[in-house]
Amino acid sequence: MGKVIAVCTSEIKGVQKKNIHEGHFIEDFGIEGDAHAGKWHRQVSLLSYDRIQEFRARGAQVEDGAFGENLVVEGIDFKTLPIGTKFRCNDVVLELTQIGKECHHGCAIFQAMGDCIMPREGVFTRVLHGGTIREGDNLEIMEEDAK
């Protein structure tokens, strides 16, 4: 089980997200008010707080949402889970649809550090059931569906 450390959104794509502390998740859409919400497979992005802390220990000065992640969660290593894994947090159910992504090397984090963890550590999900997620809530793995 993991603990939600931050809930982040941005109104436009291509910028760092800001922690809004609580988000309304809409079924088959994403987080209300987030630029990446829509009818596609990358509605909500998740990143492990533990991996962010390791990156910070290397000298990176990054805030929650800096990698473009929607949810920062402590205690789950997302990249080790198979596509199809389902997560529950309160009424919200998310399904893992993609692990990692291609990074554009022009991002501020890559320019400053020569590295960015989102392409290899971040995962993407779609919203199977909506509801509200707040900082401090527990996120649990419902099932691991190796496809």
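**Reading rings, cysteines, strands and cores**

A: Start with two residues: Phe-55 and Phe-67 are both buried. Keep in mind that this is a predicted model.

Q: How many aromatic pairs are there?
A: Two rings pair if their centres lie within 6.5 Å. By that rule there are two aromatic pairs. One joins Phe-55 and Phe-67, with 5.6 Å from centre to centre and 65° between the planes. Planes over 60 degrees apart count as edge-to-face, and this pair is edge-to-face.

Q: Where in the chain do Phe-55 and Phe-67 sit?
A: Phe-55 is in helix H1 (residues 49-57). Phe-67 is in the loop between H1 and strand E6 (71-74). They are 12 residues apart, and the pair links distant parts of the chain.

Q: Why is the pair of Phe-78 and Phe-87 edge-to-face?
A: Look at the angle. The planes stand at 75°, with ring centres 5.6 Å apart, so the pair is edge-to-face. Phe-78 and Phe-87 are buried.

Q: Which residue has its charged end over the ring of Phe-124?
A: That is Arg-42, at 4.5 Å from the ring centre. Another ring has a lysine over its face: Lys-13 lies over Trp-40, 5.4 Å from the centre.

Q: How many disulfides does a search of the whole structure find?
A: First, the general idea. A disulfide is a covalent bond between the sulfur atoms of two cysteines. Here the search finds zero.

Q: In what order do the three strands of the open sheet run?
A: The order is E4-E3-E10, and the pairing is antiparallel. To find an edge, look for a strand that pairs on one side only. Here the edge strands are E4 (30-31) and E10 (131-134). Strand E3 (residues 22-26) pairs with E4 over two bridges.

Q: What is the bridge partner of Phe-25 in E4?
A: The partner is Ile-31. Phe-25 itself is in strand E3.

Q: Is Phe-25 buried or exposed?
A: Read the accessible area. Phe-25 has a relative value of 1%, so it is buried. Beyond four places away in sequence, its contacts include Val-44, Leu-71, Leu-94 and Ile-133. Glu-63 is another matter: its C-alpha is 22 Å from that of Phe-25, and the two are 38 residues apart in sequence.

Q: Which residues touch the most other members of the largest nonpolar core?
A: The general idea is simple. In soluble globular proteins, nonpolar side chains tend to be buried together. The largest core here has 20 residues. Phe-25, Leu-71, Phe-78, Leu-94 and Leu-139 touch the most other members.

Q: Which elements give two or more residues to this core?
A: They include strand E1 (2-9), strand E5 (44-48) and strand E8 (92-99). E8 gives the most, with three residues.

Q: What does Phe-78 contact, leaving aside its neighbours within four places in sequence?
A: Among its contacts are Leu-46, Val-73, Phe-87, Val-123 and Leu-139.

Methods
Residues numbered from 1 in each chain as written. Predicted model: local features only at pLDDT ≥ 70, side-chain atom pairs only at ≥ 80, totals over all residues. Heavy atoms only, no water. Phe/Tyr/Trp six-rings, centres within 6.5 Å; stacked < 30°, edge-to-face > 60°. Helix = DSSP H or I, 4+ residues; strand = E, 2+ residues; numbered from the N terminus. Buried < 20%, exposed > 50% of the residue type's maximum accessible area, 1.4 Å probe, protein only. Lys NZ or Arg CZ within 6 Å of the ring centre and 35° of its normal. Disulfide = S-S within 2.5 Å. Pairing = 2+ DSSP bridges. Contact = heavy atoms within 4.5 Å. Core = buried A, V, L, I, M, F, W, Y, C linked by side-chain atoms within 4.5 Å.
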